[in-house]
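Have a look at the sequence and the structure first.

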Amino acid sequence: PVPVDHNYRMDINELEKIVRGLAAEKTPILGVVGVVGSTEEGAIDGIDKIVALRRVLEKDGIYFYLHVDAAYGGYGRAIFLDEDNNFIPFEDLKDVHYKYNVFTENKDYILEEVHSAYKAIEEAESVTIDPHKMGYVPYSAGGIVIKDIRMRDVISYFATYVFEKGADIPALLGAYILEGSKAGATAASVWAAHHVLPLNVTGYGKLMGASIEGAHRFYNFLNDLSFKVGDKEIEVHPLTYPDFNMVDYVFKEKGNDDLVAMNKLNHDVYDYSSYVKGSIYGNE
């Protein structure tokens, strides 16, 4: 794995070292995966920086396949598309968001580096997205977009109970997924959701905006927050400014600089807030 920086994004300098090292060893590189919306932090990797690095390396005879894992954050792209589905320049973003009431407050919620990362998704060879996550589709749904049609064969699955061997069919419906047959309700629900809420600022963009704004309000609320537990003062520290709609934070006892003790405190808070210590509402 490639190390991350202090914002939990892929460290591009470390990526270059790894790629150049593998190339020098003549070790094949199957590809590089950039994440748009990491599961733990909602971090947006610098897809534009990965693309720029690939262009530099290409001059030295080094190339790699780029896949974007946008399973969680892919729907966030709707906030950058205008009513005609054109990508909005960063300098026009606040005006367009104000026009369509994407946010209730006219604040700088979107970082320029996040905007650039989403814009560069189009440079990837393939992209995955999960509509059941930020698409709010009530079925387990996954999608993949591939530039080179030959890549379909990599994920094809020939189910003998569905297809006849030797059948000369150009595109076998249902063959290009990893697990055989699936219920049609999944595809129908995704289709319906996208028609009810367009994939731009007039539809899903507003839904993403509400989620992002909520995350930033929570982030601001946690900043400099502290409270008393007995004779101890507990501080709350957000770990990083939200790229998308997740807020990670830790509890720290004031005056304590021991990482082990801080980790134990947070683990104990988690245990007492979950089923681990028994009924959640049993100790009120």
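## The overall picture

Accessible areas here come from the Shrake-Rupley method with a 1.4 Å probe, and for residues only the protein chains shown count as cover. On that basis the protein has about 17,200 Å² of accessible surface, 55% of it belonging to carbon and sulfur atoms. Bear in mind that this is a predicted model: local features need pLDDT of at least 70, side-chain atom pairs count only at pLDDT 80 or more, and totals for chains, interfaces and linings use all residues. Residues are numbered from 1 along each chain as its sequence is written, and side-chain values use heavy atoms, with hydrogens and water left out.

The protein has 7 helices and 7 strands (DSSP runs numbered from the N terminus: H or I of at least four residues for helices, E of at least two for strands). Along the sequence they run α-β-α-β-α-α-β-β-α-α-β-β-β-α. Of the 284 residues, 38% are buried, where buried means under 20% relative accessible area, exposed over 50% and partly exposed in between (1.4 Å probe, protein chains only). Take the contacts (heavy atoms within 4.5 Å) between residues at least 6 apart in sequence: 57% of them join residues at least 24 apart.

## Helix H2 and its buried face

H2 covers residues 47–58. Its buried residues are Ile47, Ile50, Val51, Leu53, Arg54 and Leu57. An α-helix has 3.6 residues a turn, so residues three or four places apart point the same way.

What covers that buried set? The cover includes helix H1 (12–24), strand S1 (32–35), strand S2 (66–69) and helix H4 (112–119).

## Rings that meet

The whole structure holds 9 aromatic pairs. Rings of Phe, Tyr and Trp (its six-membered ring) pair if their centres lie within 6.5 Å; planes under 30 degrees apart are stacked, over 60 edge-to-face, and the rest tilted. Tyr75 and Tyr204 make a tilted pair, 5.0 Å centre to centre with 50° between the planes. These two are 129 residues apart: Tyr75 lies in the loop between S2 and helix H3 (93–99), Tyr204 in helix H6 (residues 204–222). Tyr75 is buried at 4% relative accessibility, and Tyr204 is buried at 2%.

Then there's a cluster of Phe218, Phe227, Tyr249 and Phe251, linked by ring pairs. Within it, Tyr249 is partly exposed at 34%, while Phe251 is buried at 16%.

Note on methods: Expected span 1.5 Å × (residues − 1).
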